[in-house]
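This briefing concerns the contacts between two protein chains. Please consult the sequence and the coordinates alongside the points below.

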Amino acid sequence: MPVTLFPHGIAHYALGGAIMGLGVALLYVTTGRPGGVSTFFSSSWSWLVRSPFFRQGAFLESRYWRLVYALGLVLGGGLFLLAGQSVEASHIPAWKLALGGVLIGFGARLGGGCTSGHGICGMASLSSGSFVMVVTFLGTGIATASLFKWLGV
Amino acid sequence: MKMAQSVSRFDTLATLVSGLLFGFGLAWSTMIRPESVLAFLTLDDLGLLFVLGAAVGINLVVYQLAPRLLGRTLLGSSFEQRPFALDRKALLGGVLFGIGWGICGVCPGPALAGLGAGNADLLIALAGIFAGALAHGLWAGRPASAAG
């Protein structure tokens with residue numbers, strides 16, 4: 001029964017994805033930058049940490065626009081509320097957010113990108129490496145979430 | 001000088017609006033709600049395939065055609081390539097990222113947009129992501145003698 005695969009329909013998913021896509025496309029067409037988000041979490045450390053890794057050119061040259069882009073993402077969420085839309089409350093335990101967050105931060109930086117960098121920009125660039133990365137984190141994501149659901153935690 | 005300044009002002013504005021659209025779309029698609037992402041990862045609601053499909057579909061066209069048709073970007077810079085080389089370390093990173101994603105249903109973009117939409121709990125996830133990125137940088141930048 002294909003209907004049960006989409007209990008909430010698909011309209012808002014497709015429209016939301018299209019708006020996201022327009023944002024990433026606008027960044028590329030105006031500035032030429034692939035709009036991955038995760039590098040922001042490394043490049044911002046270059047303001048505080050003096051080690052050679054964080055002082056590398058790739059971070060120093062991009063940290064300003066990445067900060068502006070991140071600010072835009074936060075404001076975009078705020079605009080959604082201002083537009084009169086509501087968001088259902090979320091109840092993820094703090095330990096999951098903290099543990100998951102550290103793994104996401106470390107993993108995305110070691111893996112050279114996240115769901116936006118590999119998932120949108122990399123796949124749109126037809127990068128075979130990004131396809132492999134997407135399959136990898138989608139696979140381990142599905143396995144982990146399913147395991148937690150099965151364990152009931 | 002004046003020209004360079006106005007270009008950089010447009011650059012900042014374009015970057016801000018791009019992020020804003022991205023964040024708004026993430027909210028519209030419900031991806032800013034971790035429960036929604038977890039329902040996808042447990043295969044209870046595959047709607048997120050349409051989020052990815054629409055976002056990738058639009059950008060597939062733009063990324064493939066814009067450099068060929070325009071030559072340079074609308075603000076005059078050149079189109080950048082994503083620097084990425086697939087190797088074992090990157091794969092390990094993908095595995096760790098997926099595990100973290102599966103634990104909490106958050107990834108970097110939705111963490112930022114979800115905070116903007118009022119979910120203050122996501123500050124915990126954002127702190128975790130910053131800590132993870134710092135740990136990666138300290139580990140990756142350790143002295144060459146220990147690198148392997």
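How many salt bridges does the rule find across the interface of chain B and chain A? The rule finds three, a salt bridge being a side-chain nitrogen of Lys or Arg within 4 Å of a carboxyl oxygen of Asp or Glu.

This is a predicted model, in which local features need pLDDT of at least 70 and side-chain atom pairs count only at pLDDT 80 or more, whereas totals for chains, interfaces and linings use all residues. Residues are numbered from 1 along each chain as written, chains are lettered from A in the order written, and side-chain values use heavy atoms, without hydrogens and water.

**Interface**

- In chain B, 105 residues are in contact (heavy atoms within 4.5 Å) with 111 residues of chain A.
- The two chains bury about 9600 Å² between them, 77% of it on carbon and sulfur atoms; this is the accessible area (1.4 Å probe) lost on being put together, summed over both.
- F22(B), Y63(B) and R82(B) supply 8% of the area that chain B buries against chain A, more than any other three residues.
- One of the salt bridges joins R33(B) to E88(A), with the closest N and O atoms 3.7 Å apart.

**Aromatic pairs**

- Over all chains there are 20 aromatic pairs, counted for rings of Phe, Tyr and Trp (its six-membered ring) with centres within 6.5 Å; planes under 30 degrees apart are stacked, over 60 edge-to-face and the rest tilted.
- F6(A) and F50(B) have ring centres 5.4 Å apart and planes at 75 degrees, so the pair is edge-to-face.
- Ring pairs also link F40(A), F41(A), W45(A) and F130(B) into a cluster.
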